[in-house]
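Please keep the sequence and the structure in view while reading.

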Amino acid sequence: MNRKKILLIDDEQDILEIISYNLEKEGYQVFTAGNGNEGIEKAKEILPDLILLDVMMPEKDGIETCQDLRKIKELQRTLIVFLSARSEEFSQLAGYQAGANDYIVKLIKPKVLVSKVAALLQMGANSQENSNYIELGDLIIDKDNFKVSKGKEEFLLPKKEFDLLYLLASNTEKVFKREEILEKVWGNDVIVGERTIDVHIRRLREKLGINTIQTLKGIGYKLVV
């Protein structure tokens, strides 16, 4: 199961506890940090899908924290949402200008917040599925430039291996059936051997060190992150 990771950054412990409780009830993996600097380090460690961030915090406020988070390559596509008691227009504008995807005022009820989080994550997933740039943890696939990188290492893959990896990464919630893979990667006009997909999967695992490509016997394949 691909459980989405959410990082909460807030200096108020009671806020962290209430939001954590409600999000964990819905099956999310929840991590917390009590200030901006701690939040940045935690984000680099866990690479969350979404960050809920307060504006007013000691040491480093939320605006500066958001700006620093957006400078980190691995977090470029992470959703960042401000959750703040400040409702002034200038504060919200500053949040968006710092790189936030949304701004929520803290008066929101927990159940509504959970629904909002679910909607934002779904929108982010749909956007990524239709994107030519996919980022999953330290794995980055750039279809426009035909590049694949994992951490600091770049890989030049043969076209079919690249297309197969891109297809699996485009929707990590989905099991791709063998027939669909053959159609989308090789096309209906090309006759390939029965073990062709297995060979390409094995090569991807060997080259990238990826052990998260699941084989579902008799069904197909799934990329688990």
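Strands are DSSP runs of E with at least two residues, and they are numbered from the N terminus. The model discussed here is predicted. Strand β8 covers residues 147–150, and Ser-149 lies in it. The relative accessible area of Ser-149 is 8%, and the residue therefore counts as buried, given that the cut-off for buried is under 20%. Leaving aside residues up to four places away in sequence, Ser-149 is in contact with Asp-138, Leu-139, Ile-140, Glu-154 and Phe-155.

The helices come next. Two packed helices are described by the angle between their axes and the distance between the axes.

Helix α6 (residues 159–169) and α7 have axes that come within 10 Å and cross at roughly 130°. Because of this angle, α6 is oblique to α7. The crossing of α6 past α7 is right-handed. On the α6 side, the contact is made by Lys-160, Asp-163, Leu-164 and Leu-167, and α7 contributes Ile-181, Lys-184, Val-185 and Trp-186. By class, this contact of α6 with α7 has 5 nonpolar and 3 charged residues, with no polar ones.

Helix α7 (residues 178–186) also packs with helix α8 (residues 196–208), at an angle of about 75° and with the axes 11 Å apart. The angle therefore makes α7 roughly perpendicular to α8. The residues of the contact of α7 with α8 comprise 4 nonpolar, 2 polar and 2 charged.

Note on methods
Residues numbered from 1 in each chain as written. Predicted model: local features only at pLDDT ≥ 70, side-chain atom pairs only at ≥ 80, totals over all residues. Heavy atoms only, no water. Helix = DSSP H or I, 4+ residues; strand = E, 2+ residues; numbered from the N terminus. Buried < 20%, exposed > 50% of the residue type's maximum accessible area, 1.4 Å probe, protein only. Contact = heavy atoms within 4.5 Å. Axes fitted to C-alpha atoms, helices over the stretch in contact; angles between N-to-C directions. Parallel < 35°, antiparallel > 145°, perpendicular 65-115°, else oblique. Nonpolar A, V, L, I, M, F, W, Y, C, P; charged D, E, K, R; others polar. Left-handed = near helix turned anticlockwise from the far one by under 90°.
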